[in-house]
Amino acid sequence: MGDFGVYVHIPFCRRKCFYCDFPSYAGEERWMSRYRKALCREIAAQGCRRLQEGTVRTLYIGGGTPTALLADDLLAVICALRESFRLMGGEEFTVEANPGTVDAALLKRLLAAGVNRLSFGVQSFSDALLSAIGRIHTAREAEDAVRMAKEAGFRVSLDLMYGLPGQTLADLKDSVARAAALDIGHISVYGLAVEDGTPFARMEETGRLHLPTDDECGDMYDYITAELPRLGYHRYEISNYAKAGEESRHNLAYWQDVPYIGLGAAAHSYWRGRRMENEKGLCRYIACIEAGLSPAREEAPCSRESHIEEFAFLALRTAYGIDKRRFRETFASDVREVYGEVIARLQTAGLVEETAASIRLTAQGMKFGNRVFEEFLLERDEA
Ligand code: SF4
């Protein structure tokens, strides 16, 4: 086993954003201290098991809102990671942050503890939109937090969203310009999807959610995909744009079939071809660890077909696409033996293209990614 990634999930937020269905809880601060203790126990146990198996090349603490924890609790988690795993040195270490939950003192402690990258959920630089989607910070606070992080010495990424209720193309243009003016290295952009069980889903059911039309969303998508590269951010994955050398190494590893360990409630792991998911519920996760039990449940065993499909879907999300050599090494088959007809059909439709080293989506293919991914599903014998 070579290098691998480590993901740590912090399932707390100050308040739930109206579109969010991530496993995170608001108003559950009373559990934070017990969660931190349980998480540190899991980190120590997993670190001990993996110590001989390889070196950690990326760490990512996400959520939820890691910076919603008390600073001492977050630092204790970081310390446990450093003590329990063998880090490669120069590893990328990212913490997700909400601009409403950082200050200079916390940033200084994170930097001193070896965190070198911060990923801020900002979503928009319109105060009206931020309030309409339930964010806890203003546009000005987001700009201040990003500037503070940059001055402290972090690499910074920022998330934006389009297709928000009431959002116009002019709003989006303003947000993209303000994000780029911060001169950060990385920007992620996601289209709003109304997920079951969220306040937005309930508003939609009762006709109170007024979203931009498909055409308006299409215009926003076209603007983003043209404007960010023009500003120097190359698109290296369907939703991710970076200046040269500023790509997220942690996320790239997910898309490149690299193993990772997930720690904390609802975290996923991918290890030696097996997929595991930790207990989702906050209390059940804590109870498991306190009882000395593993919180991990194995997902359905990964068949060769499903491994091939997943390898293809994930790789196709990236600008590089499916690496033909790695495909052959992993599955002992040429990608054209498995997907020859599909590739030919999608090439004719202008959705994929072939280079000497890879099969990748064209710009049109990225726009209609779901259509392409469906084609990469393999037929299975029902016998
Ligand atoms: S801060 Fe992030 S994780 Fe928390 S509710 Fe909002 S979108 Fe979800």
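D183 lies in the loop between α6 and β8, where helices (H or I, at least four residues) and strands (E, at least two) are DSSP runs that are numbered from the N terminus. D183 has a positive phi of about 55° although it is not a glycine. This is a predicted model, in which local features need pLDDT of at least 70 and side-chain atom pairs count only at pLDDT 80 or more, while totals for chains, interfaces and linings use all residues. Residues are numbered from 1 along each chain as its sequence is written, and side-chain values use heavy atoms, with hydrogens and water left out.

**Backbone angles and loops**

- Most residues other than glycine have a negative phi, and most peptide bonds are trans.
- At 46% relative accessibility, D183 counts as partly exposed, a term for values between those of buried residues (under 20% relative accessible area) and those of exposed residues (over 50%), with a 1.4 Å probe and protein chains only.
- Phi is also positive in D257, which is not a glycine and has a value near 70°; D257 lies in the loop between α9 (249-255) and β11 (260-263).
- D257 counts as buried, because its relative accessible area is 17%.
- A cis peptide bond, with omega of about 20°, joins G63 and G64, and G64 is placed in the loop between β4 (56-63) and α2 (71-84).

**Salt bridges within a helix**

- Side chains of opposite charge can pair when their charged atoms come close.
- The structure holds 29 salt bridges, each defined as a side-chain nitrogen of Lys or Arg within 4 Å of a carboxyl oxygen of Asp or Glu.
- R178 forms one of these salt bridges with D174, and the closest N and O atoms of the pair are 3.7 Å apart.
- R178 and D174 are four residues apart in helix α6 (residues 169-181), so about one helical turn separates them.
- R178 is partly exposed, with a relative accessible area of 26%, and D174 is also partly exposed, at 37% relative accessibility.
- R230 forms a salt bridge with E227, where the closest N and O atoms are 2.9 Å apart.
- Because R230 and E227 are three residues apart in helix α8 (residues 214-230), they too are separated by about one helical turn.
- In this pair R230 counts as exposed at 61% relative accessibility, whereas E227 is buried, with a relative accessible area of 13%.
- An α-helix has 3.6 residues a turn, so residues three or four places apart point the same way.

**Salt bridges between other parts of the chain**

- E375 forms a salt bridge with R345, and the closest N and O atoms are 2.6 Å apart.
- This pair links distant parts of the chain, with E375 in helix α15 (residues 369-375) and R345 in helix α13 (residues 335-348), 30 residues apart.
- E375 counts as partly exposed at 25% relative accessibility, and R345 is likewise partly exposed, at 45%.
- R50, E53 and R272 are linked in a network of salt bridges.
- R50 lies in helix α1 (residues 32-50) and counts as buried, because its relative accessibility is 7%.
- R50 and G264 are 214 residues apart along the chain, and their C-alpha atoms are separated by 16 Å.

**A charged surface patch**

- D21, D196, E204 and E205 gather in a patch of negative charge on the surface; such a patch is made of residues with over 30% relative accessible area and no salt bridge, with like charges joined within 9 Å.
- D196 is found in the loop between β8 (186-191) and α7 (199-205), and D196 counts as exposed, because its relative accessibility is 72%.
- P199 lies in helix α7 and is partly exposed, with a relative accessible area of 26%.
- P199 and D21 are 178 residues apart in sequence, and they are 9.6 Å apart in space, C-alpha to C-alpha.

**Helix α11**

- Helix α11 (residues 304-317) has 14 residues and reaches 20 Å from its first C-alpha to its last.
- This reach is close to the 20 Å expected at 1.5 Å a residue, where the expected span is 1.5 Å times one less than the number of residues in the helix.
- The buried residues in α11 include H307, I308, E309, F311, A312, A315 and L316.

Conventions
Patch = residues over 30% accessible without salt bridge, like charges linked within 9 Å, V, L, I, M, F, W, Y side chains within 5 Å. Areas by Shrake-Rupley, 256 points an atom, 1.4 Å probe, with all protein chains shown as cover. Lys, Arg positive; Asp, Glu negative; His and termini not counted. Charge placed at Lys NZ, Arg CZ, Asp CG, Glu CD.
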